[in-house]
2 protein chains.
Amino acid sequence: MNINEIANMAGVSRATVSRFLNDGYVSTEKRERIQKVIDQTGYKPSSQAQMLRTKRTGQVGVIIPFTDSESISRMISGISVVLRQAGFQMLLANAENSVREELEYLKLFAENQVDGIILFATVFSREHKKALEALQVPLVILGQRLDGYSCVYQDDFNAAKEAARMLLNGVDRVGYIGVSEQNKAIGRARKLGFLAALREKGIPWDESCYAECGFSAEDGYQAAEELMDRHPELKAVFGATDTIALGAMAWIQENGKQVPEDVAVAGIGDMTLGKLIRPSLSSVHFYYQASGQEAARILLDLMNGNPTNKEVKMGYRVLPRGTVRG
Amino acid sequence: MNINEIANMAGVSRATVSRFLNDGYVSTEKRERIQKVIDQTGYKPSSQAQMLRTKRTGQVGVIIPFTDSESISRMISGISVVLRQAGFQMLLANAENSVREELEYLKLFAENQVDGIILFATVFSREHKKALEALQVPLVILGQRLDGYSCVYQDDFNAAKEAARMLLNGVDRVGYIGVSEQNKAIGRARKLGFLAALREKGIPWDESCYAECGFSAEDGYQAAEELMDRHPELKAVFGATDTIALGAMAWIQENGKQVPEDVAVAGIGDMTLGKLIRPSLSSVHFYYQASGQEAARILLDLMNGNPTNKEVKMGYRVLPRGTVRG
DNA sequence: TTGTAAGCGTTATCAC
DNA sequence: GTGATAACGCTTACAA
């Protein structure tokens, strides 16, 4: 079933059918005839042919570092809602924690497979920047800020600072478990925010109270062990993410300490599970779903030929809960 | 940059270039010439043109009910790894909890937008079955069994039965929090497995000890409240999923009961967070990531013209942890 | 082993 | 308003 057959059945030329489909000028009479035939046959134009002809694919490539993360899930949800509404489909590329894969996908998409790209960024290597410069396709970066590109990111610095303030309530010996500072947002900005809160309170900082780990709860667990072995006197532990904080808290509770009486804990991200455990995890809410929507909207703008780069820093909400002191 | 230009630059016909690209017969001499030109120009064939010409898109549609679920994330991870290796891309369709949307996507993909479909099924309405029958494209169903279709699913019945056995250790008054039985796997099979364990132990069942809810932790929390208000004497609560169980556990602990001394708890799915909370959540591990891989492999088979329908029931592992008695 | 030529199913540009 | 006609960039008989 193709446009020629439809044209024949309706007794018009295929150009007219095409115009009908694309809101061109068609007389009411022929309009009706064509509509009828289409209804009868259930005809749908071949999107492959349309892609070839129009150079538009109606697809957006979304590159994520891994699938198993609540924040990523929420952002994807936001993206998918907006894209769907705009008639776009989402080509999801899962880099599985590999920077090399991430670059591969970037190149793959760059070669005109998609009309636009949303990149969940973690770190920016030289290679990344080179790949981004070579890009012919509109792009929005999610989760990190990068000069010269449209991006949507969280206010990591201030979120961490305020979360640290809440954690430091009546506490002066505190440890920090974070991720590599190569990750500017989650690694660097959050740590700096934390340190800013310390400075504000006049609490001295000793780099040996810092432990670095990956993004999983197991990582947080091990990092807590390492940290607390080194500094059993710590009265509070800050996790760069809720997942890390939850891992750390598990170790702390397992080793005979009360939370928050002996050790207070806080994280960032407001994961669902954080409010279910006892005591409930103090955290900072990020508007992840909205971030995804925002990124998708900016990308739609860009794809519509609006060349304005935009940087959007999302807000946050501090959530004092059971793991910090009164 | 298209195949004609490459052909001109290499001094061959475009057919030869095409053959070169598709592993057809090309003399070593021309092979080298073409390779050189391609290296110089960075030429990549237009996948849109290839799609139109070959009727293959190299894309697989994956329909999920929602994004925010650890089990779904893990299955997607498995799918993406296998598809990637086979050179396919993943078109992710998020139905956002809407059956209507799910059907829309099914139809959309059915119209030859993709070479194959993986459907994360929840319920099968008449409409679903009609849509599935009309499907021209290879399909694998994930998470549910459906006669006549290739599917990969969990052993929900036996997993629930064994989990219930472990929960019923020294306990005879027990409640069950589940989801709608329209969902044959998570709703029906798990409940039946649970009831089978009860029967085995000779424990009578009273339907008023059943509460039904959605998939979120909040749902589990509320269902626990409803259930425990009705039956304060319950000594154990079974959640059809870990998320539900965690929600229920939060309510139980919040209301002054000790887990597992006063009330034992178990769930299904082995979510990461389950092993981090104290006491740690007893559960059943499902091989979700492997399920995704399996589904993708079967789909690849199907797309290769192997018309063998396959049903794969995945195994499980029972994980007694802190929320059940000795 | 290579080239010619005929599509794949659309949309866009023209005349009419 | 409408209909020829020419692309879009590729693959694949078929012939050489």
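The centres of domain 2 and domain 3 of chain A, taken over C-alpha atoms, are separated by 29 Å in this predicted model. These two belong to an assignment for chain A that gives domain 1 (3–45), domain 2 (55–155 + 288–315) and domain 3 (156–286), with bounds that come from an automatic or database domain assignment. Eleven residues of domain 2 of chain A are in contact with twelve residues of domain 3 of chain A, where contact means that the C-beta atoms of two residues, placed from the backbone, lie within 7 Å. On the domain 2 side, α5 (70–85) and β5 (150–154) of chain A each supply at least two residues; helices (H or I, at least four residues) and strands (E, at least two) are DSSP runs numbered from the N terminus. That side of domain 2 of chain A has four nonpolar, five polar and two charged residues. Here Ala, Val, Leu, Ile, Met, Phe, Trp, Tyr, Cys and Pro count as nonpolar, Asp, Glu, Lys and Arg as charged, and the others, Gly among them, as polar.

As the model is predicted, local features need pLDDT of at least 70 and side-chain atom pairs count only at pLDDT 80 or more, whereas totals for chains, interfaces and linings use all residues.

Turning to the two chains, their contact takes 35 residues from chain B and 35 residues from chain A. On the chain B side, α4, α5 (70–85), β2 (89–94) and α11 (242–254) of chain B give two or more residues each, and α5(B) gives the most, with seven. This side of chain B has 14 nonpolar, 14 polar and seven charged residues. Of the interface residues of chain B, 97% are also interface residues in chain A, so the copies meet through the same surface.

Strand β2 (residues 89–94) of chain A runs antiparallel to β2(B), joined by three bridges; strands count as paired if DSSP finds at least two bridges between them. In this pairing A:Met90 stands opposite B:Leu92.

How are the copies arranged?

Within chain B, four strands form an open, parallel sheet in the order β7-β6-β8-β9. At its edges stand β7 (210–212) and β9 (264–266) of chain B, each with a single partner strand, so one side of each is left without a neighbour in the sheet. B:Val237 stands opposite B:Val265 in β9(B).

Finally, 25 residues lie around DNA strand D, of which A:Ser13, A:Ala15, A:Ser27, B:Asn2 and B:Ile3 come nearest; a residue is near the strand if its C-beta atom, placed from the backbone, lies within 6 Å of it. Helices α2 (14–21) and α4 (47–54) of both chain A and chain B give two or more residues to this surface, which divides into eleven nonpolar, nine polar and five charged residues.

Conventions. Residues numbered from 1 in each chain as written. Chains lettered and ligands numbered in written order.
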